[in-house]
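Work through the exercises below with the sequence and the model side by side. Try each task before reading its solution.

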Amino acid sequence: MVAVRYYSKSGNTKLLAEAIGKGAGVIPISVDEDSAKITEDVDVLFVGGALYAYGLDKRLNKFLSELDGSKVKKAVVFSTSWISKHSIDLIKNALKEKGIEVAEETCYAKNKPNEKQMAEAEAFAKKMISC
């Protein structure tokens, strides 16, 4: 099973999540939705977010803190941002604290992803599922 979870204020990370979801064959779910909780075993969990005031949004932090690490075999991180890719490290660290294997390779788009970046994100998802 594959799942895509994200948080997006501006809509940029949502666009990337949708491209990843398309490549993975699943519907991405925002972490502020009730259905975002991981209740079944997941082979690959894609998790995305961006920096807000130099940290992750409280909704994404809550999702990560409540995530049951025993249900996730591997996690893959994606992000969008205006300046810094620091959100990638913050998400990776939160996942690793749960004992989850985290892929080194990530997917990133500066600001709003363009068509090329969307296609790359879709291909990235397919590649990460087959690894």
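A contact means heavy atoms within 4.5 Å. This is a predicted model, where local features need pLDDT of at least 70 and side-chain atom pairs count only at pLDDT 80 or more, while totals for chains, interfaces and linings use all residues. Residues are numbered from 1 along each chain as its sequence is written, and side-chain values use heavy atoms, with hydrogens and water left out.

**Exercise 1. Leu15**

Solution. Start with the element. Helices (H or I, at least four residues) and strands (E, at least two) are DSSP runs, numbered from the N terminus. Next, the neighbours. Then accessibility. Leu15 has a relative accessible area of 23%, so it is partly exposed. The classes are buried under 20% relative accessible area, exposed over 50%, and partly exposed in between (1.4 Å probe, protein chains only). Last, a distance.

**Exercise 2. Asp43**

Task: Is Asp43 buried, partly exposed or exposed? Which residues does Asp43 touch, not counting those up to four places away in sequence?

Solution. Asp43 is found in strand S3. Its relative accessibility is 40%, so Asp43 counts as partly exposed. Beyond four places in sequence, Asp43 touches Met1, Lys73 and Lys74. Ile88 is 45 residues away along the chain, and the C-alpha atoms of Asp43 and Ile88 are separated by 20 Å.

**Exercise 3. The aromatic pair**

Task: How are the rings of Phe46 and Phe124 arranged?

Solution. The structure holds one aromatic pair. The ring centres of Phe46 and Phe124 are 6.5 Å apart and the planes meet at 70 degrees, so the pair is edge-to-face. The rule: rings of Phe, Tyr and Trp (its six-membered ring) pair if their centres lie within 6.5 Å; planes under 30 degrees apart count as stacked, over 60 as edge-to-face and the rest as tilted. Now the positions. Phe46 sits in strand S3 (residues 42-49) and Phe124 in helix H4 (residues 115-130), so the pair links distant parts of the chain, 78 residues apart. Finish with burial. Phe46 has 0% relative accessibility and counts as buried. Phe124, at 6%, also counts as buried.

**Exercise 4. Asn111**

Solution. Most residues other than glycine have a negative phi. Asn111 is not a glycine, yet its phi is positive, about 60 degrees. Asn111 is found in the loop between strand S8 (107-110) and H4. Its relative accessible area is 30%, which makes Asn111 partly exposed.

**Exercise 5. The whole chain**

Task: How many helices and strands does the protein have, and in what pattern? How does its radius of gyration compare with that of a compact globule?

Solution. Count four helices and eight strands. Along the sequence they read β-α-β-β-β-β-α-β-α-β-β-α. For 131 residues, a compact globule would have a radius of gyration near 14 Å; the protein has 13 Å, which agrees. That radius is taken over C-alpha atoms, and the globule rule is 2.2 Å times the number of residues to the power 0.38. The C-alpha trace spans about 35 × 35 × 25 Å along its principal axes. Of the 131 residues, 52% count as buried. Among contacts with a separation of 6 or more, 77% join residues 24 or more positions apart.
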